[in-house]
Amino acid sequence: MDRAVNFENHYDAARVRGDWEEARHWLQQGARAGDPFSCGQLGVWHLLGHVVNRNDRTGFQLVRGAARAGLPEARRLIATLYALGRGVKPNWEQAVDWLVRGARSGDPDPARQLAFLLPAALAGERRALLESAAKSGDVIAQRRLQRDGKVNAAPRMDWRRIRQGAARPALVRGAIKAVSESPKLHQREAALSPDVCDYLICIAAPFLSRARVNDPVRGTELVDDSRTNSFATLSLVESDVVTTGIDFMLARLLGQTPKNAEPASVLHYSPGEQFAPHFDFFDPKAPVHAAQIAAAGQRVMTCLVYLNNDYEGGATRFLDTGFEFRGEAGTALFWRNTDANGLPDRSTLHAGLPPTAGEKWLLSKWFRDRPYTQVRTATMVG
Ligand SMILES: O=C(O)CCC(=O)C(=O)O
């Protein structure tokens, strides 16, 4: 294939026409010719099982090719794949290494991620990374600098210290407390720091769309008055090394393996928006849900993390007893959706009440009873 062919343009034209076969043809031709854009895009398709069969290993290798050729998006994604262990064994040093390469090349996204992974002892490096990302327009870095205020170390860009210091987000010591007997609910205050809560809100905000519910008869998803809030699922494309680290940390908090986790969703409620009473488990008596359990496992645990404070109303209400919970920003609330025999626990019926003023932000995370391999899109809700 002639190297002068512009594979990206051909791919784009086919995509705009909705001709996915033609689009795939151009990506495959491009990947064979070593075109970085085609390698990266085809790699993402393999990772998502979009148009081509899902194959994480092939996806990883294609994205790595694009990253090595210097494509910024591919460099970011390869760091996430190493952190997640998707298509490759988890490798934290490699994840950090790719973030460092990206940051050194002037990409604000990995610079900001690194800043959030540094311990307090590297305040100078953190400041330098945030300033560099903020200068290139990174909104999260700008907000973090504002929050840090004047109490800050002098900026210092020491790549060796950054590489060595960047660490997985870790749980700080704190107690888990029972807050309700039926259903059995537990809370953990300050599971996430205010900075990390703000990070999640900012990462999710551009991807928000109206939340949907699952139709237990047809199995399709629909917009329904029972759920009027919006949400964004942090699936592969929307997540990064920081959000992956948060996911792992929450799994540890709940005693679950990260492999069983569905991608987290960030929920957003404007005043008056709500999530009407519902269960998070799949009901084995509903044929469509039974098929979902057989295909991908039961949803056995729920974890909610409240991400902000500046709203009124908006508690999570448990209908059986009328118990209402509203945690401070960073507080995690979690429970099992099934009993000791793996059967649905109907006392978990709950609702997201509408805020009466201000906007409510919440992280919602579900765990299955077996490794979760399906790709959950931003519109898939149980
Ligand atoms: O918004 C809330 O408080 C509840 C969210 C919820 O019910 C869910 O994610 O399952």
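Reply: Helices (H or I, at least four residues) and strands (E, at least two) are DSSP runs, numbered from the N terminus. This is a predicted model, in which local features need pLDDT of at least 70 and side-chain atom pairs count only at pLDDT 80 or more, while totals for chains, interfaces and linings use all residues. Residues are numbered from 1 along each chain as its sequence is written.

Me: In what order do the 8 strands of the open sheet follow one another?

Reply: Strands pair if DSSP finds at least two bridges between them. Here the order is E1-E2-E13-E9-E16-E7-E6-E3, with antiparallel pairing, and the sheet is open. E1 and strand E3 (209-210) each have a single partner strand and stand at the edges, so one side of each is left without a neighbour in the sheet.

Me: How many bridges join E1 to E2, and which residue of E2 is the bridge partner of Ile176?

Reply: Strand E1 (residues 176-180) and strand E2 (residues 185-188) run antiparallel and are joined by 4 bridges, and Ile176 has Arg188 of E2 as its bridge partner. The link from E1 to E2 is a hairpin of 4 residues. Elsewhere in the sheet, strand E7 (residues 265-269) pairs with E16 over 5 bridges, again in the antiparallel sense, and Tyr269 has Lys360 of E16 as its bridge partner.

Me: Which strands does helix H11 lie across, and at about what angle does H11 run to E7?

Reply: Angles run from 0 to 180 degrees between N-to-C directions, with axes fitted to C-alpha atoms, for helices over the stretch in contact. Helix H11 (residues 194-204) lies across strand E6 (230-233), E7 and E16, and runs at about 85° to E7.

Me: Which residues surround the ligand, and which strands supply at least two residues each of the shell?

Reply: Around the ligand (C-beta atom, placed from the backbone, within 6 Å) stand Leu267, Phe275, Asp280, Thr302, Leu304, Thr316, His350, Gly352, Leu362 and Ser364. Strand E9 (299-306), strand E14 (350-352) and strand E16 (360-368) each supply at least two residues of this shell.

Conventions:
Contact = placed C-beta atoms within 7 Å.
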